[in-house]
Amino acid sequence: MKNKTPNNFQSGIHTTNFWDEFLAKPICNSHIADFGRDKEKLNGLWNYGIDQYDTCLRNRWFAEHTHDADGRALPQDCSFDSWETIPVPSCWNMQSERLFLYEGSVVYTRKFTYKQRRPDLGERVFLKFGGANYRAVIFVNKQYMGVHLGGSTPFYVEVTDVLQGENRVLVVVNNTRRSESVPMENTDWFNYGGLYRDVELLRLPKTFIRSLKIGFSQGEIFADIKTDGAEKNATAILRIPELEINTKFEITAGAGRVTLPAKPVLWDIGEPKLYDVAVECGEDVLHERVGFREICVRGGEILLNGRSIFLKGISAHEDSVKNGKSVTADEIRENYALAKEMGCNFMRLAHYPHAEVAARIADEVGLLLWEEIPVYWAIEFENPDTYCDAENQLVELITRDINRASVIIWSIGNENTDTDERLDFMSRLADKARSLDNTRLISAACLSDTVNLQINDRLIDKIDIIGINEYYGWYDPDFTKLPKIFANSKLTKPVVISEFGADARAGEHGTRDDMYSEEFQLDVYEKQLDMLSKIDCVKGISPWIFFDFRCPRRLHYLQGYYNLKGLLSADKGHRKLAYYVVQGFYLGMNEE
Ligand code: GCU
């Protein structure tokens, strides 16, 4: 690029297309199976700068040109090591009033030392970022390593060849909302920004197990592994001690599969049995902790381990009063405990991949999960770059959670208009999901045809479970339409009502006609549940939503920048009246 001269005052003032250079090396599908591996956390206080005009990228601060070719000092507009500090992981929005509503770029940087552990064996080193919203441009020791798009999936960067004793990592995180992104610039949730999940350093043998997909189907345990490294052919061993399994199998051209008859105690909602698994290959040993179960649809039923189930669910955002999107494991455990106390066996983790630990904890406590990528509302369905971004987020979600028994549904989107471009875009996503994982169910939260009072979304042919969002009693006061949309539709697949609900300000009381009162919300829930319980094809519900959440579209004086459709207050300290209606409905059902 013509203006790639070092950082003199002209180099950065005329650039308009400066992002092109830093979008040139997308980090895609970079997942490494790393459960139980020895990871060194790079969490803690990083130096940061609020870079509203992207001067770091325009003037190439990352290259640290502090002197000219003749060794004369150049004026600097950044001072990495004397900048203020910010905790990683965290959302910058939660760190100060000045940052609460900030959207743009923040430069994160820190130093770290590295010493090779096994010089004799040689090792490969990766940086793992658990999540950064939305763009993250990675530099290590002044070198551009690539860019990750997508605000909710982990990514890995190999740094083996650029590491030295003393190292600097510098990350430009940009959360600007863009029409071509996934999601696009208009959503119904808060646009947090930052390195908001763990940053870790991962050491691996020169040839290592990159992926493991393990499961149970028709009386057999299967395990697929892929390796990464020069040794393409090897013998691997699958060990599941509690099942007395120690089975060798061959790795050829970097891949191998083993299937063997087994009778594990099946993972189930009431008994979330997990097994310790290890796969050995060459110098590498990968550990996992998995549940074996089967999920499928047959006719209009959802079957878990062959048993017809009703998904007694609730939707939730990844949002907390204190931490924003950096929800902690403790907060997730609290959410799941409250959901189970309400009688849930299912949660819809809307509208994007939640933290990696969310599915691991659901595995432990026995909750079924709907996980989703943020193909939300008016995505640029005709834009090929947007499709690549969406598909990569889907691949990164599926590869991350492929071994989680709790995850039963991959959802490819929410409330998109049924156009030809959208049908093509989401059909390709559904095909991609099935190609990666034919053991789970594909869904999407669809809209009904409110003119003809029908469910006729053409995407239905491509998904296993029909998700339907409907707001009779709130956005459409006429409840009589709810049974009509089903009576007018010939649905042969199970339906999950993926959203219904109404706002209520916690503690606000009035009559059943007073909007934003708990009594109004109670009335909506009573009528919804009464009607839905009489519609045979409905095999699950995940009302919107478990707890109030921040939302910049909600400016009514009672909302106060929050979407108040929660059954709980945002801090989960208050249960609204409708909470007890749902609890009574679920606990009154006579099945797991
Ligand atoms: C939509 C959407 C949600 C939104 C909700 C609401 O259905 O899927 O993300 O928050 O309705 O309007 O509260």
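Which residues in α9 meet which residues in α10? I opened the predicted model with this question.

**Entry 1: the helix pair**

I looked up the contact from the α9 side and listed Glu518, Glu519, Gln521, Leu522, Tyr525, Glu526 and Leu529. Their partners in α10 are Leu577, Ala578, Val581, Val582 and Phe585. By class, I noted eight nonpolar, one polar and three charged residues in the contact of α9 with α10.

Next I checked the geometry. Helix α9 covers residues 518-532 and helix α10 covers residues 577-587. Their axes are 7 Å apart, and the packing angle is about 20°. Angles under 35 degrees count as roughly parallel, so α9 is roughly parallel to α10.

**Entry 2: the ligand shell**

How many residues surround the ligand, and which are the closest? I found 14 residues around the ligand, with Asp188, His351, Glu415, Tyr475 and Glu499 as the closest. I sorted the shell by class and wrote down five nonpolar, four polar and five charged residues.

**Entry 3: polar contacts of the ligand**

I then looked up side-chain distances to oxygen atoms of the ligand. Glu415, already listed with the closest residues, has a polar side-chain atom 2.3 Å from a ligand oxygen. For Tyr376, a polar side-chain atom lies 2.8 Å from an oxygen of the ligand. For Asn414, an N or O atom of the side chain is 2.9 Å from a ligand oxygen atom.

Last, I looked up the cover. On its own the ligand has 320 Å² of accessible area, and the protein covers 97% of that.

Key:
Residues are numbered from 1 along each chain as its sequence is written. This is a predicted model: local features need pLDDT of at least 70, side-chain atom pairs count only at pLDDT 80 or more; totals for chains, interfaces and linings use all residues. Side-chain values use heavy atoms; hydrogens and water are left out. Axes are lines fitted to C-alpha atoms, for helices over the stretch in contact, and angles run from 0 to 180 degrees between N-to-C directions. Helices (H or I, at least four residues) and strands (E, at least two) are DSSP runs, numbered from the N terminus. Angles under 35 degrees count as roughly parallel, over 145 as roughly antiparallel, 65 to 115 as roughly perpendicular and the rest as oblique. Contact means heavy atoms within 4.5 Å. Ala, Val, Leu, Ile, Met, Phe, Trp, Tyr, Cys and Pro count as nonpolar, Asp, Glu, Lys and Arg as charged, and the others, Gly among them, as polar. A residue is near a molecule or strand if one of its heavy atoms lies within 4 Å of it. A polar contact is a pair of N or O atoms within 3.5 Å; within protein, one must be able to donate a hydrogen and the other to accept it, and residues adjacent in sequence count only if both atoms are side-chain atoms. Accessible areas come from the Shrake-Rupley method with a 1.4 Å probe; for residues, only the protein chains shown count as cover.
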